[in-house]
Amino acid sequence: MSSKYSQPGAGDPYWFEWYVGLDYVISMLAGVDDIESVTFQEAGLEGVDDVVVRRSQGLPMVCVQVKHKKASTTTANNLTFAALVTEGVSSEGEGPKKSLLASLAAGWKQISLKEEAAPEIVLYTNREMGVKKSDAVYMGKPYKRLPLGEFWDKVSAKLGSATSFSELIFDDSDLDAQWHEFADSTNLRESDVVPFLSSLTIKAGAPSLRDKEIELTGRLKDEVCAGSEELASRVFTLLAAELRRWTTAAGDNAVTAEIVRECICGLNRNPMEAPIGVPVPTPVFPSREHACSLLCDKLESSDSKVVFLQGRPGSGKTRLVSCLCERMTPRPFRFYAFKPLDVDEFSYSPDVGIVSPRELWSTLLNQLRDASELSGEKPRIPIINELCNDDELRSEVLRLAGLLSTRRGSRTILAIDGIDHAARAKEKLTFLRHLPSPTSIPDGVLILVSGQPANLYSSYPQWLRGEHAGVEVVSLPNIDADDVSALLAERTGFSGHDSLVLSNEIINITNGNTLSVMYAVNAVADEMDCGRAVDKLRSLGLSENVEEYYESIWQKADDEIQRHHGNGSNALGLIASSMHLLDGAIYPGLLCNAFPDVFSEEYVVARDISILSPLLRKCADGSTCPIHNDFRLFVSSKALEPGMEGYLRFASNNLADAALGMEGDVVRSCYSIRLLAASRRVEECINLFDASYVIDAVAHGVPWRILCEQAKTVYGMACESGELENVLRVQLALSTLSQVNEHFEYWLERRPFLHFEELVGMDYMVPPLSKETAALYATTLDRCLWLLKDVGCAEQSDELYGIWFSGLSPLAALSLLSDSNEEDGAFRQDDGTSMLMSAWGGLAAARGLDFDDFLFAADLGGDAEDLRSRFRDAFVRGLLMRPSLEDEDLSRIAELPITGDAAADTMRDLLTGALRHRALRDARSSQSFRLTRSDAKSVLWPTPCVCQRGCSCLVPTGPSRCYAIGKEVSIEKASPSACLQRVSFSVMNPTATVSTP
């Protein structure tokens, strides 16, 4: 059934109005007319509310009323005099509707009174002014009306010199009658008519909706995008997409220059890119705890402008910087000069594309622009990074970093991690030559660089390769036996004397090299006997020189594979070529399909790569990949050795054919384009990359980065082919990709609960944690729990938790979400922050996560304590919902304070059978819930104190601490009035009882 809303062009008037608003937004962005904000649909304003423009420098507001005629309209083609002054027909029982002119005048008067300054009023329409004379009657007398255009020109000429209404007299009686009818139609006093009409502008004959879009894009090209039509089109698309926020009740209708800049800055990064992050290791080694603490102190107190953290390969530099970034407040701004192993990347060299000056400064600039303290700061360079040269980007980074330091009252730290990757890159120009010298770094800014020792690379800046004023070098020491013991306790079953023996053996073999230690512990993880573990360690060929270890393992693998396949076999060369082409990954099925004569079955691949097992790990998708990035680099160097060219060509061709044959497999979507490109099969690349390929790739969860790189590669091929048909085919695929991106952007804002057993692309898009995004984190935790308990997908649950919460503890989250100055209970039960802490507590209990340092910490104060109580409540309930309870669980339930509401709900569910546990009904039911202090106050009576201070409290105390008031307080400072008797509720008997020592 059709309706007026389903007719073509029904939305034209709205878009026409919004495009008029965008015209002013572009002027604001370009710094024209001193515009401070543009409001779409000003609330509470009569007659002139479509677009309201506020300006600085004492300039008057501009209020625009838009009247649009659809292209299909066959009547009222022109804007006539009658259309301005004629009152409308009202509904029954109401007076006549104001004329258009009276409505404009009423809005002008309303603003004049409110702002104490007259605004400029603009009537904007795509209709032409009327051109015909007409007969009319005013005050009972007939006269000849001039066309609106002619009439307005004559009146405007008079308004330019008139100072009062009485001065506007026309010799032509018809014109004079028309003027008085026009003035009367404003419904204003005579003293207001001239000021109002002097501020009124009628812009008729405006361009069509399509022409207006072309005009706006042209303005963006000339005034914002430095002549780039492609950039202008992308900016216009972003602005048009933002209209769904700026023009709706749910959005912010007042648009400032800062809001517009934030929108356009989306061009500088793709919102679907998985964030590059290296998690803080578990456990954190004791020596690294100490090193982290020392480095934190140095960064905060050092007079140097540069701190260089140096260490040998695999010493743990990146993990230490990760730990540092997690613990410092405010957090440093960080750039990685490499891509961690678990981040998919469409390139053959792990160092390509991330070592240029533009990559460095653009990344840091994007992060600085997000700092809340710099909100409202006007940029001094174009906000689109593509329009800036490298020097401009660097200058703006250093300027904003210095300004941020001033506003925060603390140092701004810029961390540049892994500069040795830039030194090894084959590119001629890397950011190493573009790093600012210590003397050019502004006050309040410190640059932390980390990398391998300076004596290994001549391409390091001169001020890093020797003693230099303003540069402080920190050498990362090797780890010690205590660190190894901690790692063994975490990763193996060895403890006590066996752990001590193994720790010493590993230190003797590796000399404390972090990466070598990791390989050693990984090698003995499955061993149960200490003696066998020691023998295995001694047979590995491990040493502190990781490269020698790699070479030893590789030679051993070559010997074994030659024995399996026969002398002269190229099996290891094919494995190396495959790993190089696929960024280290090994897919047994793909290898079998590609090289059936060498790998007849998948078990053959598994047997051959098992020799490399100390250096590889199994992935959830069935593939195998290197444990550490260094080994991937080692394998790539083997694949690129002289004489391997033939293997690479042969391998890329066969792997491409095999990947193309794997219909419905993610391997096909991820690697077919790459392998075809490596084989120089251009035509097949172009034919493959169409709209259906893009849709399949998205459905398989191919990372956005890979899809973008594929698109860039194939589009370049299509353009170089000179065939228009190829270009059009690829453009259609790119349009599909763009639509997918817009779809993900829309859903990324809402993050619905996804009932999918497999992780999807949205799961990898992690926004920074804040009060605004806390609800999204809570939804993710709910999904983790659903995957774990409802569908039994523990591996996917763990992976999703790691993506969102790796390196994030509840205590660290509270530091971001709470305000210690707020009163207790400042958060509602249904707000995002409270939901996050409750969901986290429930999942922690279900997964057995160890957060005792958080659960049993001293009183956090302010609303942080209130949020922790929500975590505790959910944690206790989560323990009770376990299928079985151990003594340890019951003890923790008894020890943890929970709120009165949580205790009441839990007891009700226990008594009604909603929670059933035999463990709670036997002798152990004497365990009890402990109430938080605030809830105890509300249900219990205070009693005298009998602690070591001499008061009569029955609560047990430690040697120097009193726990009766819900937190550790020195007994000397405890007051009897603050002490409450410790109260508990028995699980079987919900009545207050006193716990005695």
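Trainee: Which residues touch the most other members of the largest nonpolar core?
Mentor: This is a predicted model. In its largest nonpolar core, which has 89 residues, they are Y519, Y550, L590, F599, F631, L655 and F689.

Trainee: What is F631 in contact with, leaving aside neighbours within four places in sequence?
Mentor: Its partners are Y519, Y550, W554, M579, L612, L615, L616 and P626.

Trainee: And how many residues are in the second, separate core?
Mentor: That core has 44 residues, among them F16, L22, F40 and W246.

Trainee: Switching to charges. How many salt bridges does a search of the whole structure find?
Mentor: The search finds 44. One of them joins the side chains of R145 and E181, at 2.8 Å from N to O.

Trainee: Where do R145 and E181 sit in the chain?
Mentor: R145 is in strand β8 (residues 141–145) and E181 is in helix α5 (residues 173–184). They are 36 residues apart, and the pair links distant parts of the chain.

Trainee: Is R145 buried or exposed?
Mentor: R145 counts as buried because its relative accessibility is 11%, under the 20% cut-off. E181 also has 11% and counts as buried.

Trainee: What about K144, which pairs with D135?
Mentor: That salt bridge is 2.8 Å, N to O. K144 is partly exposed at 43% relative accessibility, while D135 is exposed at 60%.

Trainee: Where do D866 and R870 lie?
Mentor: Both are in helix α35 (residues 862–880), 4 residues apart, about one turn of the helix.

Trainee: Which residues are linked in a network of salt bridges?
Mentor: D23, K212, E215, R219 and E223.

Definitions and conventions. Residues are numbered from 1 along each chain as its sequence is written. This is a predicted model: local features need pLDDT of at least 70, side-chain atom pairs count only at pLDDT 80 or more; totals for chains, interfaces and linings use all residues. Side-chain values use heavy atoms; hydrogens and water are left out. A nonpolar core is a set of buried Ala, Val, Leu, Ile, Met, Phe, Trp, Tyr and Cys residues joined through side-chain atoms within 4.5 Å. Buried means under 20% relative accessible area, exposed over 50%, partly exposed in between (1.4 Å probe, protein chains only). Contact means heavy atoms within 4.5 Å. A salt bridge is a side-chain nitrogen of Lys or Arg within 4 Å of a carboxyl oxygen of Asp or Glu. Helices (H or I, at least four residues) and strands (E, at least two) are DSSP runs, numbered from the N terminus.
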